[in-house]
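Welcome! Open the model beside these exercises, try each task on your own, and then walk through the solution step by step.

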Amino acid sequence: MGLHEQLEELKTKSLKEISRTDGLKNLEDIRVNVLGKKGPLTEILRGMRDIPKEERPKVGELSNHVRDNIVTAIDEKKAELEKAHIAKKLESETIDVTLPGKPVTQGQPHVIQQIIDNIEDLFLGMGYQVIQGPEVETDKYNFEMLNLPKDHPARDMQDTFYITDEILMRSQTSPVQARTMEKHDFSKGPLKMISPGVVYRRDTDDATHSHQFHQVEGLVIDKNITMTDLKGTLEVLAKELFGDRFEVRLRPSYFPFTEPSVEADVTCFNCMGKGCSVCKQTGWIEVLGAGMVHPNVLRMAGVDSKVYGGFAFGLGPDRFAMLRYGVDDIRNFYQNDVRFLTQFSKKG
Amino acid sequence: MKVSYKWLKEYFDLDVEPKVLAEKIERTAVEVDQVTRAEDGLKKIIVGYTLDVRPHPNSDHLNICQVEVGEDEPIQIVCGAPNVAKGQYVIVALHGARIKDNVKIKRSKMRGEQSNGMICALQEIGFDEKVVPKVYVNGIYVFPEDSGVKPGEPVYSYLGMDDDVIDTSVTPNRGDLFSMDGNAYEIGAIYDKKLTLNHRQLKTVDETDNIDDLLKVKIDAPDDVLAYQMGIVKNVTIAPSPFWLQVRLMTAGVRPINNVVDITNYIMLKYGQPLHAFDYDKLSAKEIHVGYSPDQTKFVTLDGEERSLKATDLMIKDGDKNIAMAGVMGGLDTEIDDHTHTVVIESAIFDPIKVRKTARYHVLHSEASMRFERGINPATVTEALHEALELAAQFGDGKAVKDQITAVKPNPQAVEVTLDLTRINHVLGTQLSVDEVTKILERLQFTVQVTDETFVVTVPARRWDIHIPADILEEIARIYGYDNLPSTLPTGSTTIGRLTTSQQVIRGVRSILQGSGLNQAMSYGLTTAQKAKLFMMQSSEETKLDFPMSLDHAVLRMNLISGLLDDVAYNVARKEANVALYEQGRVFYRTDGTDRPTEVEHLAGAITGSLETKNWYGKEAPVDFYQLKGIVDLLLHDLNFEESISYVASKEYPEMHPGRTADIYLGDKVIGFMGQVHPQVAKQFKIPETYVFELDLQAILDAPKKIQHYDPISKYPAITRDVALLIDQKVSNTEIVAALQAASNRHLEKIQLFDVYAGKHIPEGKKSVAYTLTYRDKHNTLTEEEVNKEFEQAIESLKKAFKVEIR
Ligand SMILES: [Zn+2]
């Protein structure tokens, strides 16, 4: 048998053997046996000495070809076997992907905080500052500076906790208006502020009353502020908090510190304006009080009411939260039941 | 105020649906609570006439009545009312009728006798017991002779139940809307209608007497009496009022009593002028004084209550004897009764603040006091008195004395307000013309003089709430309609809206605590005296409410933890074992001698149970000191203080576990504490093992922060050495670390504790602790020799400081 035949036979035999192999170890054995220094290919190539010089390149080419064929076959087989091996291993590693993930606990901001943050962010975007005031106030700032002299009947609208005759738990966030106006340097530009915080009223706690709740006060004072600016601002606020489908309407009302005074209603959440028991069939829900700052309030804070004017509004985040989420008992906000607190995931 | 639609129609033609009118009132004037029509929901309720009434043979209280109901035959009704009698016009609910609360009336047998309906009390067809005439409260209602009722006809129109009542919620500034006249003016303005006032003149007079001979009036407190008039009607017969008046009062929510009292109430509803009627014969001195009585004088009011007067209560007196609390309530001794013959009627205006104080102090908020507090129209004090005298003379069949006493003359003053068109449009944001504004003001029946674009508005006395241009602006705005205003946003110079650094830090702090698994809680600022002073970080006087509503909320908190522990208890009681809460809010410290407390922002947290939810792959770890410390540390580390934070064991907090509590220091200042709640305190709160912290957030905000700069990351590798020590239990980690640091000067970068062990294989009173010390030279590669040398020095220093065995 010539070298040619020997090489061809080796190739056929090896390829067959390789294709039959089913283990990586066997495949390695084949590689060592066939291609190794003591293997048949080396053996055959030793016979090169015995053939004529001119045939040698041809045989050399063939032997390289056979070698390449075998190597390729081994590599391919190896890849195939490895793939099968990995598939088998991975198969054995299969888990139940529907089991719950390891919990990463995260606390929630209080739902009222969420509403306050929401309002703050909206007004920060419109160039307002956020200003806090004291919770223990003087009669002067809580009432008198707001055009509510002692024994004014409108004081009945908010029954107040007194500490002494002159010191009280603030019954509204409005005193921050007076405090801020007094300090503001109008030569440096307009005053635009909101003031969120806790307020207190003499009320017996029940499903709809709480002796403690929150308010957010808003105030803008400048040279050219109009009632239409108030209306527009309240519309932006309502749409931000409740959604674009909500309309705002203004109704006359009375607050001693604003004139004209209005109450703002928004479309009823429950019936979207059709009329239901929640809105007493009106299609509207009262959400806040507002108005143009009373000249007396400006004057008492040392602001020239002939030059400056503006609007103020006040709203209750507790009430907003009750309306927005259908919370039926205000005490929920202050009992801090974790099953309640964790219901309101912070959106966006 | 309950505004009757039928009554309104006496002022002008009103062709608006009552509900539409109510909506319009709400949009233009004051809030409307509800619009009701009493007959709504009722069915088959008619007038009956009792032809015959006989006792029921099988009952000691039932009667069998034959009742004419406008049909061919009378019907038989069994009735249990004590006042049913033959010959009465009554309210009958027929078979198939619907009465109050949608109760259906059916034909039935009562103790063997057929009953084909029910004879009703007013309450049974929906009247509030408070308005039912006293004689009919405990029985069926009987129509009076002058009612003109006919058997078989529905009762509704007779009883005013087909009227629509618009119940308005009057704001404190609109006292004028506590009268029908005032409402008519308002609605006239809304619909641009001229109204007709039906004020009766005084005609039924007797010329013989001179009033000054009958009665004298002296005003002892002239500052508090703005108007005071009295008139007298003689030979009055006290009787029920005419039926129409009784119905009118009931519709307005007022109980009919007798003709004289009803007249005073009617006039009050019509004019908004409260009146008071005295029995002339019960006055002994015949000299009225308006003034004060000594403190604690006893006085029995109309309702039979004995009151102890304050020296500041303005009183009406007969000689020295008190006969009425001015503007609030009359006295029992001089009230009108069935035998009254001569009536004195008072029409006055008292100082609103006086009335308010007296009403508040005695908790006597009457229809009269409510009106006096909000103001009275000075223009109709006399007119109201005249009409009252005339009606009393007519209804009581008597005569009024021709003159009246005017002790203080009413002083109706029109107010002049000047404003210009530019101002109006500037504030309202409108583009109204002179004509439009004039038209609106004229609808309100204000007199307007226009020069160029300036309006001089004369406001009648009946609108005493209007004084300044802003008040006129409101009138214009509301009549023009808020819906007609466009929407704009403020323009003008730009302002920067940003949170202050403190506000940003507070938001950051909240988000770290939330990220650590704590939910934000909001507790009450007012708490019990006992809880207010637990877990105190500094000494302070308590701040108490003057008149708390309850002892649960009587004192301002001086800590946040106690509120959180209440919350933990609330949750634990509801089987929520895992509770992790934080609160950010104020505490109130007060120093002796000051009234007003200082408000300090605090931050506190409480955890109990586990921070992990129950899971399937491992046991949930219960919370402990170190878990909470990890959270606190994360929080404080994030604040990037210039000074360093340290924890020092403390036994100073009586409410805390003495062996598991640490003061938290920033530099050498305590800014808070943390640890386990004392088991006995936990027991009082009814809570399990709970860990808490409280921090002075204000101090944290105020503390200097590090200026941040880039720290180059070293290219050179670190070398570590581990050391395990057997050391006395009592030696703290801080002490060991300090000793290690003391000797390791140059290259020690970090000391990391990685094991603490006591118990088996460790001698009693000892513990095994292990640390990894990391060395690095930022600018060179460290050699083993350098590290070994430093490490050995550290160990030596440790050995010098403590009895320690290196393992
Ligand atoms: Zn609705």
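**Exercise 1.** Find where B:E475 lies, decide whether B:E475 is buried or exposed, and list what B:E475 is in contact with.

Solution. 
- Step 1: B:E475 lies in helix α12 of chain B. Helices (H or I, at least four residues) and strands (E, at least two) are DSSP runs, numbered from the N terminus.
- Step 2: The relative accessible area of B:E475 is 2%, so B:E475 is buried. Buried means under 20% relative accessible area, exposed over 50%, and partly exposed in between (1.4 Å probe, protein chains only).
- Step 3: Setting aside neighbours within four places in sequence, B:E475 is in contact with B:I440, B:L444, B:F446, B:R463 and B:I466. Contact here means heavy atoms within 4.5 Å.

A word on the ground rules: this is a predicted model, where local features need pLDDT of at least 70 and side-chain atom pairs count only at pLDDT 80 or more, while totals for chains, interfaces and linings use all residues. Residues are numbered from 1 along each chain as its sequence is written, chains are lettered from A and ligands numbered from 1 in the order in which they are written, and side-chain values use heavy atoms, with hydrogens and water left out.

## The annotated site and the largest cavity

**Exercise 2.** How many cavities of 30 Å³ or more does a search of the whole structure find, and what is the volume of the largest cavity?

Solution. 
- Step 1: The search finds four cavities of 30 Å³ or more. On a 1 Å grid over the protein atoms alone, a cavity is a set of points where a 1.4 Å probe fits but cannot get out, and lining residues have an atom within 4 Å of a point. Grid points are joined across faces, edges and corners, and a volume is the space filled by probe spheres set on the points.
- Step 2: The volume of the largest cavity is about 70 Å³.
- Step 3: Its lining has 13 residues, of which A:S253, B:A29, B:N173, B:R174 and B:E474 lie nearest the centre of the cavity.
- Step 4: At least two lining residues each come from β6 (248-255) of chain A and α12 of chain B.

## A helix with a buried face

**Exercise 3.** Which residues of α20(B) are buried, and which exposed residues does the face turned away from the buried side carry?

Solution. 
- Step 1: Helix α20 (residues 784-801) of chain B has 18 residues and reaches 26 Å from its first C-alpha to its last, close to the 26 Å expected at 1.5 Å a residue. The expected span is 1.5 Å times one less than the number of residues.
- Step 2: The buried residues of α20(B) are B:V787, B:E790, B:F791, B:A794, B:I795, B:S797 and B:L798.
- Step 3: Looking down the axis of α20(B), its buried residues fall within an arc of 160°, so they line one face of the helix. The arc is that of the directions from the helix axis to the C-beta atoms.
- Step 4: The face turned away from the buried side of α20(B) carries the exposed residues B:E785, B:K789, B:E792 and B:K800.
- Step 5: The cover over the buried residues of α20(B) includes β36 (719-728), α19 (733-743), β37 (748-757), β38 (766-775) and β39 (804-806) of chain B.

## Apart in sequence

**Exercise 4.** Where is B:Y271 found, and how many residues apart in sequence are B:Y271 and B:H199?

Solution. 
- Step 1: B:Y271 is in helix α6 (residues 259-271) of chain B, and at 5% relative accessibility B:Y271 counts as buried.
- Step 2: B:Y271 and B:H199 are 72 residues apart in sequence, and their C-alpha atoms are 9.2 Å apart in space.
- Step 3: Among the contacts of B:Y271, leaving aside neighbours within four places in sequence, are B:H199, B:R200 and B:E387.

How values were computed:
1 Å grid on protein atoms, 1.4 Å probe; cavity = no way out; pocket = protein on both sides within 12 Å on 5 of 7 lines; lining within 4 Å.
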